[in-house]
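Subject: Structure handover and notes

Hello,

Here is the structure for you to take over. My notes follow below it.

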Amino acid sequence: MPSAIFVFSAGYMDEDPNKTRFFAYLSFFSFAMLGLVVSNSLLLLFICWELVGLASYLLIGFWYTDPANGAAARKAFIVTRIGDTAMAVALLLIYTHAGTLDIRQAMTWATDNWPVGSGMAIAVALLLLGGADSLQSEALGPRVVRLRAEATPEAILAALADLAE
C-alpha cells in the first residue's frame, strides 16, 4: 500500500521545489508504520508510535509557510500527546506488574494473573485503547484528518492504514 502512495505522491509533488524533503518525511512515516507492524515488544511499539506521531507532525505541517498548516500540525501534535501519555502509563503498569514488555509474555502473564473484568485489567486496557485511539477520538478533539489544511498523500496513507485494520 505505501508503494501506491509513493507513486501517487510522485505526480502530486512533481512541481514542488521541496519534494525531496517531502519524500524524506513520507519514507520516515512508512518506516515508522512498518515498525509498528513488526514489533514484538511494547517498548518498540511505543517508540514506533512516537515516530509515527513525529512523521505525521512533519507531514501535516509540510507547507509550514501557510499559517493554517502550521496550526494544524501543532494541534495534531497536542492531541496525540494526550494519548501518548495514556499509553506510557499503561506500559508502566504492565511492566511493574508483569516484569516484561514482550507482548507474548505480557499477554500470558495478564491472562494468568488478571481475571477478566478486574480493575487493573480494565484500567490498562482503557489506557492502551485511549492511547491508540487518540488520533481518532472525538472526545479528545477534532479528528486529525480534519486538522489538515488540505489533502496530502500522507492523509491518504493514514486513511488506507485505518481501512486495513
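Predicted model: local features only at pLDDT ≥ 70, side-chain atom pairs only at ≥ 80, totals over all residues.

Overall fold

The protein has eight helices and zero strands, so the order of elements from the N terminus is written α-α-α-α-α-α-α-α. Of its 165 residues, 36% count as buried. Among contacts with a separation of 6 or more, 65% are between residues 24 or more positions apart.

Helix H4 contains 32 residues, which at 1.5 Å a residue should span 46 Å. The C-alpha atoms at its ends are 46 Å apart, in agreement with that value. Ala-86 belongs to H4. With a relative accessible area of 15%, Ala-86 counts as buried because the cut-off is under 20%. Between Ala-86 and Leu-126 there are 8.7 Å in space, C-alpha to C-alpha, although the two are 40 residues apart in sequence.

Just after H4, Gly-99 has a positive phi of about 75 degrees. Is Thr-100 buried or exposed? Its relative accessible area is 13%, so Thr-100 is buried. The side chain of Thr-100 comes to 3.1 Å from the backbone nitrogen of Asp-102. Leaving aside residues up to four places away in sequence, Thr-100 touches Ile-94, Tyr-95, Gln-105 and Ala-106.

Ser-41 and H3

Ser-41 is placed in the loop between helix H2 (19–38) and H3. At a relative accessible area of 19%, Ser-41 is buried, since the limit is under 20%. What does Ser-41 do at the N-terminal end of H3? Ser-41 caps that end, with a side-chain oxygen 3.1 Å from the backbone nitrogen of Leu-43. Ser-41 also touches Leu-101, Asp-102 and Ile-103, again not counting residues up to four places away in sequence.

Helix H3 (residues 42–60) has 19 residues. From its first C-alpha to its last, H3 reaches 26 Å, close to the 27 Å expected at 1.5 Å a residue. The buried residues of H3 are Leu-42, Phe-46, Cys-48, Trp-49, Val-52, Gly-53, Ala-55, Ser-56, Leu-59 and Ile-60. As background, an α-helix has 3.6 residues a turn, so residues three or four places apart point the same way. Pairs such as Cys-48 and Val-52, or Val-52 and Ser-56, are among the buried residues of H3.

The second largest pocket

The second largest pocket holds about 300 Å³ of space. Helix H5 (103–113) and helix H6 (119–132) are the elements that give two or more residues to its lining. How many residues line the second largest pocket, and which lie nearest its centre? There are 13 lining residues, and Met-107, Ala-110, Trp-114, Val-124 and Leu-128 lie nearest the centre. By type, the lining of the second largest pocket divides into 12 nonpolar residues, one polar and no charged.

Regards

How values were computed
Residues numbered from 1 in each chain as written. Heavy atoms only, no water. 1 Å grid on protein atoms, 1.4 Å probe; cavity = no way out; pocket = protein on both sides within 12 Å on 5 of 7 lines; lining within 4 Å. Points joined across faces, edges and corners; volume = space filled by probe spheres on them. Helix = DSSP H or I, 4+ residues; strand = E, 2+ residues; numbered from the N terminus. Nonpolar A, V, L, I, M, F, W, Y, C, P; charged D, E, K, R; others polar. Buried < 20%, exposed > 50% of the residue type's maximum accessible area, 1.4 Å probe, protein only. Polar contact = N/O pair within 3.5 Å; in protein donor to acceptor, adjacent residues only side chain to side chain. Contact = heavy atoms within 4.5 Å. Expected span 1.5 Å × (residues − 1).
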